[in-house]
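Here are my notes on the model, point by point. Please read them with the structure open.

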Amino acid sequence: MSASPSRDLPLAWVTGASGLIGWELVRAARAGAAPGWRVRGLTRADVDLANPRAVDELFEQERPGLIVHCAALSRTGACQADPAQAFRQNVEVPLGLLERLSAGRFVFFSSDLVFDGLHGGYVETDPPHPVNVYGQTKWKTEQTVLSRPNALVIRTSLNYGHSLTGDRAFNEEMVNTWKSGRPVQAFVDEYRCPIAASETARWTWDLIRSGQSGVIHLAGAERLSRWQIATEIARHYPALNPRIIPVTLGEHVGPPRAPDVSLNCEQLSGCLGRPLPAFRPWLAGNEPIHTV
Ligand SMILES: NC(=O)c1ccc[n+]([C@@H]2O[C@H](COP(=O)([O-])OP(=O)(O)OC[C@H]3O[C@@H](n4cnc5c(N)ncnc54)[C@H](OP(=O)(O)O)[C@@H]3O)[C@@H](O)[C@H]2O)c1
């Protein structure tokens, strides 16, 4: 999965390139968002990143100068069900790549779920305190990545989009539920800052170009409840007769949830000199009404 043809440019790997954000990063690079890099999207078909020998071999052959690491066990439920696997995929794999990349730049995708969600509006210097296994793996990896001077940790929130497999993004899960005739349950008191994955990709390449390092928040400008988000998505699928059942965290049975992990992204908007997109206007302007 190659994005720019020139052989003279340094090589950038985007791992997890068949996933939601990785694919958008490759697409954005193809559209010119990553000048200065020869971008190669790596999928599981290219290399199983959990196989050290296969990774060593590919490193030896290709010697990337930049790795944008999107591969992960990204579903919180899967991490909670198998913490050992979550640790392998979300900690051992990225740290193995970091170790091999002695002189290059490493960009690690982390999450708003490193926070416990007790107050919201988190800035980069707020102390993480994850409440689930997924968040714990992200926070553990962040700490080692950040010990490298030119590494970048991007904490993002719920990403909206259309994935190659049709089931990666939260909105795709909702639509698939409605298509099967079931209602979507949505928390009225759990808050995130959703953003389109295509926007995440463009902002990420701009950040890389700016030379920024350390930790930075990249999310939508609007703090919305899960219920507000579902309601907004539903408006675009009238033909599915989408039903939403409002629920509260007080009724939730299962692994702990973080109530308000909204992110303050002023550092990023200051760095790149423009405001982050608010989700509802973005959706209204970009997503055609589907009649399926
Ligand atoms: N999407 C969001 O809302 C969101 C929010 C906050 C943070 N993030 C973080 O952002 C990053 C990208 O998220 P995403 O939504 O694009 O994730 P995604 O859609 O789940 O994609 C992850 C990709 O990683 C690949 N992968 C996993 N283990 C691998 C391995 N051992 N070898 C090779 N490939 C492997 C998967 O391949 P297979 O398909 O073959 O399994 C998949 O293509 C992740 O770190 C995620 O935790 C995402």
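**Notes on the predicted model**

1. Start with Arg38. Its side chain reaches the backbone oxygen of Leu9 at 3.4 Å. Arg38 lies in strand 2, residues 38–42. This is a predicted model, so please check the side-chain placement here by eye.

2. Which side chain of opposite charge is nearest to Arg38? That is Glu62, 6.7 Å away. Arg38 is buried yet has no salt bridge, because a salt bridge needs the nitrogen and the carboxyl oxygen within 4 Å. Glu62 does take part in a network of salt bridges, with Arg40 and Asp46.

3. A backbone N or O atom of Gly19 lies 3.2 Å from a ligand oxygen. A polar backbone atom of Leu20 is 3.0 Å from an oxygen atom of the ligand. For Leu49, a backbone N or O atom lies 2.9 Å from a ligand nitrogen. The ligand taken alone exposes 890 Å², and the protein buries 89% of that.

4. Is Gly135 buried or exposed? Gly135 counts as buried, because its relative accessibility is 0%. Its C-alpha atom is 15 Å from that of Ser262, 127 residues apart along the chain.

5. How many salt bridges are there? The count comes to 16. One of them joins Glu142 and Arg155, at 2.8 Å from N to O. The pair links distant parts of the chain: Glu142 sits in helix 5 and Arg155 in strand 5 (residues 152–156), 13 residues apart. Glu142 is buried, at 0% relative accessible area. Arg155 is buried too, at 2%.

6. Glu222 and Arg280 form another salt bridge, with the closest N and O atoms 2.8 Å apart. Glu222 lies in the loop between strand 10 (214–218) and strand 11 (224–225), and Arg280 in helix 10 (residues 279–286), so the pair ties together parts 58 residues apart in sequence. Glu222 counts as buried at 16% relative accessibility. Arg280 counts as partly exposed at 30%.

7. Glu60 and Arg63 also form a salt bridge, again with the closest N and O atoms 2.8 Å apart. Glu60 counts as exposed, at 53% relative accessibility. Arg63 is exposed as well, at 57%.

How values were computed:
Residues are numbered from 1 along each chain as its sequence is written. This is a predicted model: local features need pLDDT of at least 70, side-chain atom pairs count only at pLDDT 80 or more; totals for chains, interfaces and linings use all residues. Side-chain values use heavy atoms; hydrogens and water are left out. A polar contact is a pair of N or O atoms within 3.5 Å; within protein, one must be able to donate a hydrogen and the other to accept it, and residues adjacent in sequence count only if both atoms are side-chain atoms. Accessible areas come from the Shrake-Rupley method with a 1.4 Å probe; for residues, only the protein chains shown count as cover. Helices (H or I, at least four residues) and strands (E, at least two) are DSSP runs, numbered from the N terminus. Buried means under 20% relative accessible area, exposed over 50%, partly exposed in between (1.4 Å probe, protein chains only). Lys and Arg count as positive and Asp and Glu as negative; His and the chain ends are not counted.
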